Amino acid sequence: MIHIHGAAQIATLAGASTRPKTGKEMEDIGLIEDGGIVIEDGIVVFVGTSGEASRYVEEHAGDKPVTVLSAAGKTVTPGLIDPHTHIVFAGSREFELNLRLQGAKYLDILQEGGGILYTTERTREATEEQLMVETVRRLDRFLAHGVTTVEAKSGYGLRLSDELKLLRVAHRLNAAHPVELVSTFMGAHAVPAEYKGDADAFVRLVIRDMIPAVAREGLAEFCDVFCEEGVFTVEQSRDILEAGKRWGLKPKIHADELVSCGGAELAAELGAVSADHLLHASKEGIRQMAEQGVIAVLLPGTAFFLMAPPADARAMITAGVPVALSTDRNPGSSPTESLPFIMNLACLTMRMTPAEVLTACTINAAHAIGRAASIGSIEVGKQADLVMFDAPNYLYLQYHYAVNLTDTVFKKGEIVIRDGKRVFT
């Protein structure tokens with residue numbers, strides 16, 4: 001039994017396990033002052049004030065050993081959740097920064113064989129072991145920033161053998177690393193060089209060969225597609241996501257990132273779990289997403305790094321769209337594992353409040369990857385994924401920006417980061 005006591009604040013995010021928070025609900029983070037938590041066998045068995053937690057331990061510990069931990073002066077939150085990453089890949093693309101500073105656009109770089117296609121070449125060349133080594137480094141950095149669960153997309157293979165390779169690596173890491181990985185198949189991330197000029201043929205390959213193979217091996221829970229001008233059309237995206245649904249893969253969609261092309265509307269039409277990016281989502285698309293309960297996964301770090309205006313988070317929250325946040329960790333448009341910095345950006349560039357931001361990176365993010373029944377809030381019966389931040393209150397997390405305030409991280413009740421340092425094997 002673990003007894004955490006004396007927390008300056010605990011943000012429980014309780015009461016939203018059956019549906020994500022929307023509108024003004026996103027401001028309710030379930031604050032407890034002078035809080036205490038009791039953990040047993042990796043599960044939260046009590047959360048309340050320090051006095052109440054102490055009484056619970058006295059009444060229930062019996063002969064069990066009790067580890068007592070002080071959280072004095074610290075803010076405790078659920079483990080942070082990143083619901084949109086492209087974390088398994090080889091190589092990096094730092095040279096593209098100069099190109100963008102000189103005026104090159106994202107799609108221009110892609111059409112010239114750079115961007116996703118450059119990473120695809122490096123990733124195809126890499127072995128599973130090489131990918132494991134590179135990805136572990138990224139997961140370690142995520143964990144050091146308080147992130148205990150990430151979604152991991154494929155999409156840098158763009159052919160069957162390599163897409164399966166990426167998903168197998170994600171499954172191996174899920175079993176071997178403290179950070180929990182939830183897998184998404186995204187074979188339709190770009191049209192590979194060998195299919196240039198014939199996107200329809202590649203779409204047929206994704207539908208006919210890739211999706212069935214992924215589903216048969218049980219390698220993914222979700223199917224995603226880059227619905228964007230110059231990549232995959234709304235019609236092609238619909239065909240891919242409907243094929244995924246037939247094979248039991250729940251739909252997600254990269255929507256309206258570079259131009260408004262109907263991606264938000266398609267997400268609503270298909271009942272997608274989430275629509276992500278949405279920098280250019282139409283008012284009608286936002287309205288339809290709210291009506292259908294599609295989660296908006298917003299990626300302010302991508303807009304920041306591409307020097308583009310961010311998504312209109314305020315319009316989405318006002319319309320009743322549930323909002324989550326993510327790093328979009330990838331080698332080209334958002335090379336960062338700092339979800340806390342993304343939370344800072346959400347406040348400073350999208351005018352989300354600190355409470356909304358915390359909701360977006362915990363319980364709403366859990367809903368965006370189908371895990372809200374077990375993680376995303378500090379509630380009795382849920383997995384003990386927790387973060388102690390070196391902050392006197394939750395507001396300080398966004399006030400003291402661009403600094404890693406993570407002190408202690410618990411994954412399934414085990415301490416994996418202590419005093420900001422890795423303690424797991």
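Begin by selecting Arg-19, a partly exposed residue with a relative accessible area of 44%. The structure on screen is a predicted model, and each stop below names what to select and what is found there.

**Stop 1**

Side chains of opposite charge can pair when their charged atoms come close.

**Stop 2: Glu-40 and Lys-64**

Select Glu-40 and Lys-64 next. Their side chains also form a salt bridge, at 2.6 Å from N to O. This pair links distant parts of the chain: Glu-40 belongs to strand S2 (residues 31-40), while Lys-64 lies in the loop between H1 and strand S4 (67-70), 24 residues apart. Is Glu-40 buried or exposed? Glu-40 is buried, because its relative accessible area is 17% and the limit for that class is under 20%. Lys-64, at 39%, is partly exposed.

**Stop 3: Ser-50 at helix H1**

Move to helix H1 (residues 50-60) and pick out Ser-50. Ser-50 has a relative accessible area of 9%, so this residue counts as buried. Display the backbone of Gly-35 as well: the side chain of Ser-50 reaches the backbone oxygen of Gly-35 at 3.1 Å. Which residues does Ser-50 touch, not counting those up to four places away in sequence? They are His-5, Gly-6, Ala-7, Asp-34, Gly-35 and Gly-36.

**Stop 4: a nonpolar patch on the surface**

Switch to a surface view and select Leu-97, Leu-101 and Met-307. These residues form a nonpolar patch with about 290 Å² of accessible area together. Leu-97 sits in helix H2 (residues 96-101). With a relative accessible area of 35%, Leu-97 is partly exposed.

**Stop 5: Arg-124 and Glu-194**

Return to the charged side chains and select Arg-124 with Glu-194. They form a salt bridge in which the closest N and O atoms are 2.8 Å apart. Here, too, distant parts of the chain are linked: Arg-124 is in helix H4 (residues 116-125), and Glu-194 is in the loop between strand S8 (180-188) and H7, 70 residues apart. Arg-124 counts as buried at 19% relative accessibility, whereas Glu-194 counts as partly exposed at 46%.

Now select Glu-180, Glu-221, Arg-371, Asp-385 and Lys-411 together. Salt bridges that share partners join these residues into one network. How many salt bridges does the model contain? The count comes to 27.

**Stop 6: the nonpolar cores**

Finally, hide the surface and look inside. The largest nonpolar core has 121 residues, and those with the most contacts inside it are Leu-278, Leu-298 and Met-352. Colour helix H7 (residues 199-217), which gives the most to this core, with nine residues.

Centre the view on Met-352 and show its surroundings. Leaving aside neighbours within four places in sequence, Met-352 is in contact with Met-26, Ala-313, Arg-314, Ile-317, Val-323, Leu-325, Ala-346, Cys-347, Val-357 and Ala-360.

Key: Residues numbered from 1 in each chain as written. Predicted model: local features only at pLDDT ≥ 70, side-chain atom pairs only at ≥ 80, totals over all residues. Heavy atoms only, no water. Core = buried A, V, L, I, M, F, W, Y, C linked by side-chain atoms within 4.5 Å. Buried < 20%, exposed > 50% of the residue type's maximum accessible area, 1.4 Å probe, protein only. Helix = DSSP H or I, 4+ residues; strand = E, 2+ residues; numbered from the N terminus. Contact = heavy atoms within 4.5 Å. Patch = residues over 30% accessible without salt bridge, like charges linked within 9 Å, V, L, I, M, F, W, Y side chains within 5 Å. Areas by Shrake-Rupley, 256 points an atom, 1.4 Å probe, with all protein chains shown as cover. Salt bridge = Lys/Arg side-chain N within 4 Å of Asp/Glu carboxyl O. Polar contact = N/O pair within 3.5 Å; in protein donor to acceptor, adjacent residues only side chain to side chain.
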